[in-house]
Number of protein chains: 2
Amino acid sequence: MRVPRVGNPFTLEQAQSHLLAGPLGGRITFVRADPVEYLASSDKVFDVAVLAHCIWYFASPSTLLRTFKALAPHTKKICIAEWSLTASDSRGIAHVLAALTQAAFECRKPDSESNIRTVLSPRRITELATDAGFKLEAEWVIPSPTMLDGMWEVGPVVSANYLADVRKYVENEREIGVIEAMQDATRSAKAALPAEAKPGAMDTWIGVFVIDT
Amino acid sequence: MRVPRVGNPFTLEQAQSHLLAGPLGGRITFVRADPVEYLASSDKVFDVAVLAHCIWYFASPSTLLRTFKALAPHTKKICIAEWSLTASDSRGIAHVLAALTQAAFECRKPDSESNIRTVLSPRRITELATDAGFKLEAEWVIPSPTMLDGMWEVGPVVSANYLADVRKYVENEREIGVIEAMQDATRSAKAALPAEAKPGAMDTWIGVFVIDT
C-alpha cells in the first residue's frame, strides 16, 4: 500500500523513515495495509491500539465500527486522539465550523478524498466503541489552538472557488444554500479574529477504552 | 390567511390586535397574504419595505429572490433585520450551530414548517437583493445575546428525540452522521457556558437596500 504524500512539516513517509532510522527502529514494523483486512489475517495481540487524529479520514461511521470490532480480539485497550468539535479558545471556532462545512459537503460525494470525510463527535465515537464491546475508561479535552490544522481546514472552505466545487456534486438549491451558509459562518468566525491572528485549531479529545468484560 | 399562533410573550395575532387598538391603529392595515401574490395584484407604492427576522422562514433562497423582485416596482427602499451567523458574545455560539443544524436537516424535508427553513447569510441576502436590482446602502451587525431565540432554537436540537426525527427523513448513514456531529457540536457549545448561563442569541444583521438606479 502506497503511503500518501501527506503531512507537514514532514510527510508520513518521512516520519516513518526517521523513526526506523532511530534507536527504536529495530523494534518497529510499519504495516501499510487496510486495518480490518490486516487484523482478520493476523492472530497477533497488541498491548494497545492507537487511533491518532485519523477517524475523520474514515469513509463512514460504520467503517469505524468495523475497525473497532476488528480490533476487539487483538487488544484490550484503545487510545484515541481526535478533534472534539469544541473550541475552548475562540481562535478555534472557525475550525469547528470549517470541519462541519466540509463534512456536510463530503457526505454528498460517493468517494471523498478530503482530510475530513466523516466527522464524528467524542460522544458518537464512544457509542461506536461501546457497540464493539469496549468501554470508556478515561477521557480528556485539551485545548490545541496552536496546531496548524485550523488554518489548513479553514483555508479551502473560505476560498472563492469552494462553492463551484460544491455545485459539481449538489444540485438542490436548498442543500447548496446550507453549505453556503456554513461557509459564510466560517468566514465570519475567521473575520472576527484580531487582525494579526490566524485561525487556530479546536480542542483535542483523548479517549481511553478497554474491553468491557 | 390564518395568522399562525406563534410568538412569545405575545402571539403575532395578539401583537397585531394591540397595534390596531392603539393610537396608530386607524392608519394600519394588516394584509394576511402571500407577499408575491399580493404585490402582483397591487399598484401601491410604499415608502419602505421591512423584512424583520422573517427570511429564515422562507421556503428556499429563490423564494427570497422572487420576493425582492416582486418588491422592486413597489418600493425604493428595503430594510432587513436577520440573524447574522456570527456570535460576538460567546453565549450565542450554540445558537449559530443550532441554526445551521436545523438548516442541514430542514433542507431534506420536502415541506418544512420549522422556524428555520432557509438559513441565508448577510452576504447571500445581499447577493439576492442585488440580483433583484437593489444595492446595499448601509449595514450593521448588532450583538443581541439576550434575545430568547438562542434558547428556543438550541432546545430542540440538543433534545434526546431530535435524531429520531432526522432518521424519518434522512436514510444515508454519512448524511445522518453530519447532522449528528452538528447536534453534538451544539450540545458542547451549550455545555461550555458557565453553569448559570442560558444559551443567548447570535448577533443581528441590519441591512438597508435602495433601488440601484
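This is a predicted model: local features need pLDDT of at least 70, side-chain atom pairs count only at pLDDT 80 or more; totals for chains, interfaces and linings use all residues.
Residues are numbered from 1 along each chain as its sequence is written, and chains are lettered from A in the order written. Local features need pLDDT of at least 70, side-chain atom pairs count only at pLDDT 80 or more, totals for chains, interfaces and linings use all residues, and side-chain values use heavy atoms, with hydrogens and water left out.

Q: How do you know that chain B is in contact with chain A?
A: Contact means heavy atoms within 4.5 Å, and 34 residues of chain B are in contact with 34 residues of chain A.

Q: What makes up the side of chain B that touches chain A, by residue class?
A: Ala, Val, Leu, Ile, Met, Phe, Trp, Tyr, Cys and Pro count as nonpolar, Asp, Glu, Lys and Arg as charged, and the others, Gly among them, as polar. On that basis, this side divides into 15 nonpolar, seven polar and 12 charged residues.

Q: What area do chain B and chain A bury between them?
A: They bury about 2800 Å², 56% of it on carbon and sulfur atoms; this is the accessible area (1.4 Å probe) lost on being put together, summed over both. B:C107, B:E173 and B:R174 supply 22% of the area that chain B buries against chain A, more than any other three residues.

Technical notes. Buried area is the accessible area (1.4 Å probe) that two parts lose on being put together, summed over both.
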